[in-house]
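Let's take a walk through this fold, starting with the sheet and ending with the aromatic rings. Keep the viewer open as you read.

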Amino acid sequence: MNIAWNFPNNGCGQTRGISDAGIETFTGTEIQSLAREICQNSLDATPDGSSSEVVVEFERYRIQSNDIPGYEIYKNKLHKAYNYWSNRKSEKTIAYLKKAIKAIENQNTFVLRISDYNTTGLIDPYGDSDDGWNALTKIDGGATKTGDKAGAFGIGKNAPFCNSDYRLVFYRTLNAENEIAAQGVSRFISFPEDETDTLRTMTTGFGYYGDTHGNLPVETIVELDNLHNRTVVGTDVFVYGFNAATTWEDDVTCEVLENFLMAIYKNKLVVSVNSRKINATNLPALIERYKTKVRQAYCYYKVLSNPETKVFTKNFHGLGTLKLSVLVDAEEKLNRKVLVTRTSGMKLLTIGNISRLISFSGLLEMQGKELNEYFREMETPSHDKWVPGRYTKNPAQAKEYHDELKQWVRDMILGLGEYSSDEEIEVEGLSSVLQKESSSATQHGDNKKEDLHNTIGDILIQPRATSQSKPKGLFHGNEGEGQSKSRDTQGNVGQAGFPATRTLGGGRQRTKKDTHRGTASQGGRDTVHEKYSGDTHQALKNIRIMKIANDKFRASFEVPRDVQSGHIEIVTVGENGKSNKLQVKSATGISACENIKCSSIGISFLNLKGNEKVMIEFSLVDSRDYAMEVNVYEHN
């Protein structure tokens, strides 16, 4: 067996340049992408039925450069590549090769080792299967992960090479079949092995360190064992020429928190970064420590840890279960997004554009292999959105399911977060375009700079005609002084005793419906109330009105005490301050109320519970949008 570097010939075929599409995908987020892709692969390698948490270790070593396996030969390949490309016009390629040669000729270099435990290892390292070892080292564009596995496109394996000054990575595994394998891979650039015969000796740009016969792995590479000796099942990745900044430990920690919050919280994943543990036990402390850097994770952790979080579930067409956890908190500046996670607990994507007026954060767990597999087919290669058209088996159904899922999420959140038009709205990015107070505003003389402040004159704020002190809803009760007067008269006011406008005999129509309401009494006589007074004009508490569909609204409020019967009016207030009653088409009760029905005087009810959130849904005859208010009237 000959153990050495081998760069296969391209057979007069395609020449590979420096701008590899797979590697360029992660340019600019190298260390973050490395942490995300490695942990994802390790979670995907969890043995079936295992309840043990996956452990991933990140550890950096400083070594002498000549301890790189096959150092002299690999350095020679870099020089050959430079000699060829320096005569070309690719400035980017020449600059990269100069940097790579300088790095590898330094006396010392860094190596990052990433190891996982409680995983399956890589299968069939010495065979030709499309899975396991070959999928990692040789197959491009043929990823074979199925079911609820996170990776589906095979792009993530490029991430380690972005973190190497000379695109050099070594792999090692010990799998469940007790097979040991190790191999070096260089995702490099084409160059001629013989500079006098560039046509016939041009390489593919890929290089392998191991058994040159078939470019196969070997059982042992001494230099790897000297760094870390593997004795249990799992996989190691060694990134030689590790080029991350000095903040790499914090960068890895933050990326793990942002992308694997659920996996850590549920004890599915433990990560060690140079002996710094990231696990369920110290998760609260880490979230607090890095909360300014991991703002999204901070919001989602609030969802997991706050006892006020509401949980909803939905059986989704027999494919699996949607589990939605939502926290609505006006005191917290939450991110107004829903994080979608897989069964493994990895971040998939976020659902936004739900409401700018509700302070909320949510977590949507896709539970079930079939459910995960169905939506995985819609994912883009970057795993950041669903595109129903990618589900080629049935794009129309995929769009229907996609829209249904998002609408369900919106409905559940809007149901929790009713709002009023007076609530404060925070618009992202607005602060960046508003003028900050300039110190030059206090300066005088010729050196004063011209800016927005001294080119705009005084601005007069003109208040709206309506009174801002007027409450957005009133309770008109019948207790205390001025109790409502009544008189007895014959007639029907409604079925089953529900309050309604008193109907006159002889086909006449009453002209003052709003002041003649009543309830049916025994003996065929009705009590008609001509006046409403008593504990009247009390402001309703916690009024919220929201639009939940094109023609449907939801209102919630609190009355000061229990009310046995009465009616609710929905009114709109114009800029002149006058109110107009809106005609209600339909109404249903949601909570803290009974027998909600639409009537000619508004919305009739029985038994409103005092000091509790009364919630109703209604639609209007006129579907236009109005600024609405709610008034509640109590009947005798």
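Start with the open sheet: its 9 strands come in the order β1-β6-β5-β4-β7-β3-β2-β8-β9, and the pairing is mixed. Bear in mind that this is a predicted model. At the edges you'll find β1 and β9 (276–278), each of which pairs on one side only. Going from one strand to the next, the twist averages 15°.

Now zoom in on one pairing. Strands of a sheet pair through backbone hydrogen bonds, in either a parallel or an antiparallel way. Strands β4 (residues 164–174) and β5 (residues 180–187) run antiparallel and are joined by 7 bridges. Look for Tyr171, which stands opposite Gln183 in β5.

Helices pack here too. Helix α2 (residues 30–44) touches β2 (54–64), β3 (108–117), β7 (234–242) and β8 (269–273), and its direction makes about 135° with that of β2. Helix α9 (residues 248–259) lies across β2, β3, β7, β8 and β9, running at about 10° to β9.

On to the rings. The structure holds 21 aromatic pairs. Take Trp5 and Tyr74: their ring centres are 4.9 Å apart and their planes sit at 40°, so this pair counts as tilted. Trp5 belongs to strand β1 (residues 3–6) and Tyr74 to helix α3 (residues 71–85), so the pair ties together parts that are 69 residues apart in sequence. Trp5 is buried, at 6% relative accessible area, and Tyr74 is buried as well, at 0%.

Finally, check two charges over rings. Arg60 lies over the face of Phe110, at 4.0 Å from the ring centre, while Lys138 lies over the face of Tyr208, at 5.9 Å from the ring centre.

Notes: Residues numbered from 1 in each chain as written. Predicted model: local features only at pLDDT ≥ 70, side-chain atom pairs only at ≥ 80, totals over all residues. Heavy atoms only, no water. Phe/Tyr/Trp six-rings, centres within 6.5 Å; stacked < 30°, edge-to-face > 60°. Helix = DSSP H or I, 4+ residues; strand = E, 2+ residues; numbered from the N terminus. Buried < 20%, exposed > 50% of the residue type's maximum accessible area, 1.4 Å probe, protein only. Lys NZ or Arg CZ within 6 Å of the ring centre and 35° of its normal. Pairing = 2+ DSSP bridges. Axes fitted to C-alpha atoms, helices over the stretch in contact; angles between N-to-C directions. Contact = heavy atoms within 4.5 Å.
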